[in-house]
Amino acid sequence: TMSRQSSQKKTEFRFKTLLSNTIHEVCCKRPNWKETDKEDWDFIWADKDWIRMHYDEVRHSLPPHVKVNHFRNHYELTHK
């Protein structure tokens, strides 16, 4: 059974970015997207070093709906 909160349409999308560049600007301009400095984000745009250092620590506690911009071992996808 779905909880009442999860069945309601979400009107705000929280994002976190570790970069101050075009990605940050684009995310800030998206309707209903709100930047957060807490750990309550729905989407994080992180550099590959942050992913390598922190993803294994947080991945088991992430809700199924959150998105991350890199795979943990993304560099292995291009090795021959």
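Colleague: Why is Thr-36 called buried?

Modeller: In this predicted model, Thr-36 has a relative accessible area of 11%. Buried means under 20%, so Thr-36 counts as buried.

Colleague: Where does Thr-36 lie?

Modeller: Thr-36 lies in the loop between β2 and β3, the latter spanning residues 43–45.

Colleague: What makes the approach of Thr-36 to Lys-38 a polar contact?

Modeller: The side chain of Thr-36 reaches the backbone nitrogen of Lys-38 at 3.1 Å.

Colleague: Which residues is Thr-36 in contact with, leaving aside its neighbours within four places in sequence?

Modeller: Arg-14, Phe-15, Lys-16 and Trp-41 are in contact with Thr-36 on that basis.

Colleague: How do you know that β1 and β2 pair?

Modeller: Three bridges are found between β1 and β2, in the parallel sense. Pairing needs at least two bridges, so β1 and β2 count as paired. Arg-14 stands opposite Lys-34 in β2.

Colleague: What joins β1 to β3?

Modeller: Three bridges join β1 to β3, and these strands run parallel. The bridge partner of Lys-16 in β3 is Ile-44.

Colleague: How many aromatic pairs does the structure hold?

Modeller: The structure holds four aromatic pairs. One of them is formed by Phe-13 and Trp-33, with 4.5 Å centre to centre and 35° between the planes.

Colleague: Why is the pair of Phe-13 and Trp-33 called tilted?

Modeller: Planes under 30 degrees apart count as stacked and over 60 as edge-to-face, with the rest tilted. The angle for Phe-13 and Trp-33 is 35°, so this pair is tilted. The pair links distant parts of the chain, with Phe-13 in strand β1 (residues 13–17) and Trp-33 in strand β2 (residues 33–35), 20 residues apart.

Colleague: Why do Phe-13 and Trp-33 count as partly exposed?

Modeller: Phe-13 has 26% relative accessibility, and Trp-33 has a relative accessible area of 23%. Partly exposed lies between the buried limit of 20% and the exposed limit of 50%, so Phe-13 and Trp-33 are both placed there.

Colleague: What makes Phe-15 and Trp-33 an aromatic pair?

Modeller: Their ring centres are 5.9 Å apart, and the cut-off is 6.5 Å, so the rings pair. The pair is tilted, with 45° between the planes. Phe-15 in strand β1 and Trp-33 in strand β2 are 18 residues apart. Phe-15 is buried, because its relative accessible area is 1%.

Colleague: Which residues form one aromatic cluster?

Modeller: Phe-13, Phe-15, Trp-33, Phe-43 and Trp-45 form that cluster.

Terms used. Residues are numbered from 1 along each chain as its sequence is written. This is a predicted model: local features need pLDDT of at least 70, side-chain atom pairs count only at pLDDT 80 or more; totals for chains, interfaces and linings use all residues. Side-chain values use heavy atoms; hydrogens and water are left out. Rings of Phe, Tyr and Trp (its six-membered ring) pair if their centres lie within 6.5 Å; planes under 30 degrees apart count as stacked, over 60 as edge-to-face and the rest as tilted. Helices (H or I, at least four residues) and strands (E, at least two) are DSSP runs, numbered from the N terminus. Buried means under 20% relative accessible area, exposed over 50%, partly exposed in between (1.4 Å probe, protein chains only). A polar contact is a pair of N or O atoms within 3.5 Å; within protein, one must be able to donate a hydrogen and the other to accept it, and residues adjacent in sequence count only if both atoms are side-chain atoms. Contact means heavy atoms within 4.5 Å.
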